[in-house]
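Here is a short briefing for someone opening this structure for the first time. Keep the 3D view at hand while reading.

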Amino acid sequence: MDSITSEPRPSCDLCGSSGELAQGSVSDPDGNLQGTWSFKRCTDPACGVYWLDPAPRPEEMWKAYATYHTHTRRIENRFAKAMLSLAHRFIRLAQWPLWVSNGLKQEADYLRFMTLAHEPIGTLLDVGCGGGRFLNRMQKRGWVVEGSDFDEQATQKVTARYGIKTHVGDLSQCALPANRFDVITMSQTIEHLYTPEATLRECLRILKPGGLLVMTTPNVNSIAAAEFGRHWRGWEAPRHLHLFSVESLRRLTQRAGFEVTEAQSYTAGCSGVYRVSHTLQHPAATSWFSQLGLLMWSYRKELHEHRMQKTRPNTGQNVLIRARKPSH
Ligand SMILES: [Zn+2]
C-alpha cells in the first residue's frame, strides 16, 4: 500500500459555505492507498455538492491513479474468470426479456452513445476520454472526434490505436479555440476534477453557440449509496473529489451559464456497482458459488432500482445532464 499526503478542505470550494459530515471512513476501493477519507455536504441548499475532505494534494494525485483500472487489468485465475464470464453471458441472456419490457435496454442504448444517437453529426470532444472506446465508437458513426485527459499515457494510446487527436491536461490548460465543438461529453469525469465549475465554464467557451454538453456522474442520492453507506463504490476515494445529485449538478451547470434541457438519474449498467459495493462490504465471500450468486443478485438489484424510479425519481445509480450553450 502506498501513502498520499492530504490537506483539509473545510468549506465548499464551489460556493464558500460550510459543510457537514455526509460520509466518513471511506477507503480506497482498489486497496492501493492507506488511510480513510470523508465526504462533506455543502449546507447551502442552493448548492448542496459533496466534496472529499481532506483531499490529496494535486501534485500527489498521480499516486491515486498509479494502478487505476484504465491502465491495468488484473488476471488472477484465468479458468475461473472464463467460467464466470460464461455464466455472466448466460444470466444476461436469461434477463433479456425483463430488460426489454422494463425499459432498461432502451436506457442502456441511450447511454451507449451518450444520448447522441439521433443528434446531427458534427464535432465532438470527450473530456476525460480514458482508453478512447467511446470516441472510437462515435468516429465510426461519422463524428469528427477529439479527446482530452490528464493522463498522458492514456491519450497517447488513444491516438496510436484509433488515430484520434488528443489533448493532455486539465481542459483549461489545453487552450482549445472558442466556439469549436458541436458537442462535449464528460462520462464519469466531473467527479474527478478539482475545479468542476471552471471546467464547465471552459466547456461553455469552446462549444459553438447552441452546442450540447452531456454529462454522467455517480448519484449521491442513489438507492445504492444509501444502502451501502461507506462501502458504496461511487465514493471512489480519493479519486472522486466532488459528488453530485441530479439537483446539485443541474444547479452547478446552470450557474456555469448553460441551459439545462434534461436532468435525471439512470439505472442501466448499475449491476456492476452493486457487485463491487457488496464485495467491499463482505470481502470474504470469494468462492465460485458465491460469485455466481452475486451475479444473479446484482441483476435483480438493477431491476429493482429501475422500478423504484416510479415512486422515488432521481435515485438511480448515475446522474445524467444534457445542457445547451445559449445561442446568443
Ligand atoms: Zn456549496
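Predicted model: local features only at pLDDT ≥ 70, side-chain atom pairs only at ≥ 80, totals over all residues.

The chain has nine helices and 13 strands.

**Overall form**

- The chain has 328 residues and a radius of gyration of 20 Å, which agrees with the value near 20 Å for a compact globule.
- Its C-alpha atoms fill a box of roughly 60 × 45 × 45 Å along the principal axes.
- Buried residues account for 39% of the 328 residues.
- Take the contacts between residues at least 6 apart in sequence: 73% of them join residues at least 24 apart.

- On one side of the order, β6 and β7 run parallel and are joined by five bridges. Leucine 125 stands opposite glutamate 146 in β7.
- β7 and β8 also run parallel, with four bridges between them. Here glutamate 146 stands opposite lysine 165 in β8.
- β10 and β13 (residues 318-324) run antiparallel, and seven bridges join them. In this pair, methionine 215 stands opposite isoleucine 321 in β13.
- Why is β7 called largely enclosed by the rest of the structure? Five of its six residues are buried.

**Crossovers between parallel strands**

- From β6 the chain passes through α3 to β7, and this β-α-β crossover is right-handed.
- From β7 the chain passes through helix α4 (residues 152-162) to β8, and this β-α-β crossover is right-handed.

**Helices on the sheet**

- Which residues of α5 are buried? They are Pro196, Thr199, Leu200, Glu202, Cys203, Leu204 and Ile206.
- The cover over the buried residues of α5 includes β9, β10, β11 (242-243) and α7 (246-255).

**The largest nonpolar core**

- This core holds 67 residues. Val49, Ile184, Leu213 and Ala224 touch the most other members.
- Strand β10 (residues 207-218) gives the most to the core, with five residues.
- What does valine 49 touch, leaving out residues up to four places away in sequence? Its contacts are Cys12, Leu14, Cys42, His242, Phe244, Ser248 and Leu252.

**Cis peptide bonds**

- The bond from aspartate 53 to proline 54 is cis, with omega near -5°. Proline 54 lies in the loop between β4 (50-53) and β5 (55-56).
- The bond from alanine 237 to proline 238 is cis, with omega near 0°. Proline 238 sits in the loop between α6 (223-228) and β11.

- Methionine 114 is not a glycine, yet its phi is positive, at about 50°. This methionine 114 is in the loop between α2 (104-112) and β6.
- Is methionine 114 buried or exposed? Methionine 114 is buried, because 23 other C-beta atoms lie within 10 Å and the cut-off is 20 or more.
- Glutamate 236 is not a glycine either, and has a positive phi of about 45°. Glutamate 236 lies in the loop between α6 and β11.
- Glutamate 236 is buried, with 22 other C-beta atoms within 10 Å.

Methods
Residues numbered from 1 in each chain as written. Core = buried A, V, L, I, M, F, W, Y, C linked by C-beta atoms within 7 Å. Buried ≥ 20, exposed ≤ 12 C-beta atoms within 10 Å, placed from the backbone. Helix = DSSP H or I, 4+ residues; strand = E, 2+ residues; numbered from the N terminus. Contact = placed C-beta atoms within 7 Å. Rg over C-alpha atoms; globule rule 2.2 N^0.38 Å. Pairing = 2+ DSSP bridges. Right-handed = clockwise from strand over helix to strand, strands pointing away.
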